[in-house]
Amino acid sequence: MIRIKVPATSANLGVGFDCMGLAVSLYSTIDFEQSSQKLIINGCDEQFQNEQNLIYQAFVRGCQFLNQPVPNVKITIDNHVPVSRGLGSSAVCIVGGLMGANLWFDSPLNKEEILTLATEMEGHSDNVAPAILGNLNVSFTDSQENIQNVAFKVSPDLFFVALVPDYQLSTKKARQVLPKSMDYQTVSYQVGHAVALSKALESGNLELIRQAIIDKMHEPFRSKLIPDYSAVKSICQKDGGVLYISGSGSTLMAIASNLNDAQKIIDETKKSFPNWETHLLSVDTKGASGDLI
Ligand SMILES: Nc1ncnc2c1ncn2[C@@H]1O[C@H](COP(=O)(O)OP(=O)(O)O)[C@@H](O)[C@H]1O
Ligand SMILES: N[C@@H](CCOP(=O)(O)O)C(=O)O
């Protein structure tokens, strides 16, 4: 049996829309094994137990890319990444399916090739790059249509807290509210902030993060889709943290510079929103892995 383990990811980090993403210590595992039937899927909502399942679609894409017949397969998912919450569940599926197919046929593809295929499927590289490679990643598609990726080590002095609402927000819907263009002044603002943010995350300078993470490209539009955004931002700021919308939301990610502040943010959020999930996370430094069991 093949077992693929993929981390959740927090994309954008405020100012890095579609190009910056962080792998975090929340994981799903996906098992692939021979089956007598064409396809069996366990461990996910009934609505996903069919050939449209994103993991299976990625598995098929991987087989096709390798010019191999698609085998009969049983897929068993142990999912810990909440769906449509801005923690990269779709990237988990895509990376899991592609890596499953790769390992099924003895791993002819390296991680860079898997990243290119995964980006084609996801449409942007900011979740799939850290899901595959771990750490903080900044990536872009170059003039040859290859993905260029730069990895940053995030300071171990930072604590990440995922505050996960009890409501979904699909990436598709959250992309529809974005404007179609930006003026030069805003572009310049974003570039400066994004470059400064990557350095600030690396050095663990929370005060620089607090300034650099203030986004003008998607958060002002998407915050309106998350009814509790302002309330959670106030809690987070009161407790010394910095808040951004994880991916396209609905999860709000707090960054704190010590465990005490991180725990206070969790406790206060739980008090106001008892039905929300909260996760104290560290940075995943390895990315997705595959094993033959
Ligand atoms: N366990 C799963 N099985 C099948 N499909 C899944 C699973 N988890 C997520 N998906 C797919 O990913 C979609 C959610 O992706 P998206 O809206 O981008 O949100 P997220 O922020 O979670 O990535 C779901 O609608 C579904 O198509
Ligand atoms: N850059 C994308 C990131 C989507 O991340 P997800 O975790 O919400 O799927 C966007 O902002 O649309």
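**Entry 1. Leu 54.** I started with Leu 54, which has its place in helix α1. I am working on a predicted model, where local features need pLDDT of at least 70, side-chain atom pairs count only at pLDDT 80 or more, and totals for chains, interfaces and linings use all residues. Residues are numbered from 1 along each chain as its sequence is written, chains are lettered from A and ligands numbered from 1 in the order in which they are written, and side-chain values use heavy atoms, with hydrogens and water left out. Helices (H or I, at least four residues) and strands (E, at least two) are DSSP runs, numbered from the N terminus.

Buried means under 20% relative accessible area, exposed over 50%, and partly exposed in between (1.4 Å probe, protein chains only). I then listed contacts, meaning heavy atoms within 4.5 Å. Setting aside neighbours within four places in sequence, I get Ser 90, Cys 93 and Ile 94 for Leu 54. I also checked Val 95, which is 41 residues from Leu 54 along the chain. Their C-alpha atoms are 9.9 Å apart.

**Entry 2. α1 against α3.** I looked at how the two helices pass. Their axes come within 11 Å and cross at roughly 130°. Axes are lines fitted to C-alpha atoms, for helices over the stretch in contact, and angles run from 0 to 180 degrees between N-to-C directions. α1 and α3 are therefore oblique to each other. The classes are: under 35 degrees roughly parallel, over 145 roughly antiparallel, 65 to 115 roughly perpendicular, and the rest oblique. The crossing of α1 past α3 is right-handed. A crossing counts as right-handed if the near helix is turned clockwise from the far one by less than a right angle, and left-handed if anticlockwise.

Which residues meet here? From α1 I noted Gln 57, Ala 58, Arg 61 and Phe 65; from α3, Leu 117, Glu 120 and Met 121.

**Entry 3. Salt bridges.** I searched the whole structure and got ten salt bridges. The criterion is a side-chain nitrogen of Lys or Arg within 4 Å of a carboxyl oxygen of Asp or Glu.

I began with Arg 61 and Glu 120, whose closest N and O atoms are 3.4 Å apart. This pair links distant parts of the chain: Arg 61 sits in α1 (residues 54-65) and Glu 120 in α3 (residues 111-122), 59 residues apart. Arg 61 is partly exposed at 27% relative accessible area. Glu 120 is exposed at 52%.

Next came Lys 199 and Glu 202, at 3.7 Å from N to O. They lie three residues apart in helix α6 (residues 184-203), so about one helical turn separates them. Lys 199 is exposed at 53%, and Glu 202 is partly exposed at 32%.

Lys 264 and Asp 261 also bridge at 3.7 Å, N to O. Both are in helix α10 (residues 259-272), three residues apart and thus separated by about one helical turn. Lys 264 is partly exposed at 37%, whereas Asp 261 is buried at 13%.

I also noted a salt-bridge network of Lys 238, Asp 239, Glu 268 and Lys 271.

**Entry 4. The sheet.** What is the strand order? I read β8-β9-β7-β10, four strands in an open sheet with antiparallel pairing. β8 and β10 (277-281) are the edge strands, each pairing on one side only. Neighbouring strands are turned by 20° against each other on average, direction ignored. Two strands pair if DSSP finds at least two bridges between them.

I followed β9 (residues 252-256). Five of its five residues are buried. Leu 252, Ala 254 and Ala 256 point one way, Met 253 and Ile 255 the other. In a regular strand the side chains alternate between the two faces of the sheet.

β7 (residues 159-164) joins β9 through five bridges. Ala 162 stands opposite Met 253, and Phe 159 opposite Ala 256. β8 (residues 242-245) joins β9 through four bridges. There, Tyr 244 has Met 253 as its bridge partner. β8 and β9 form a hairpin with six residues between them. I checked Gly 247 in that turn: its phi is positive, about 55°.

Last, I looked at helix α9 (residues 229-238). It lies across β7, β8 and β9 and runs at about 155° to β8.
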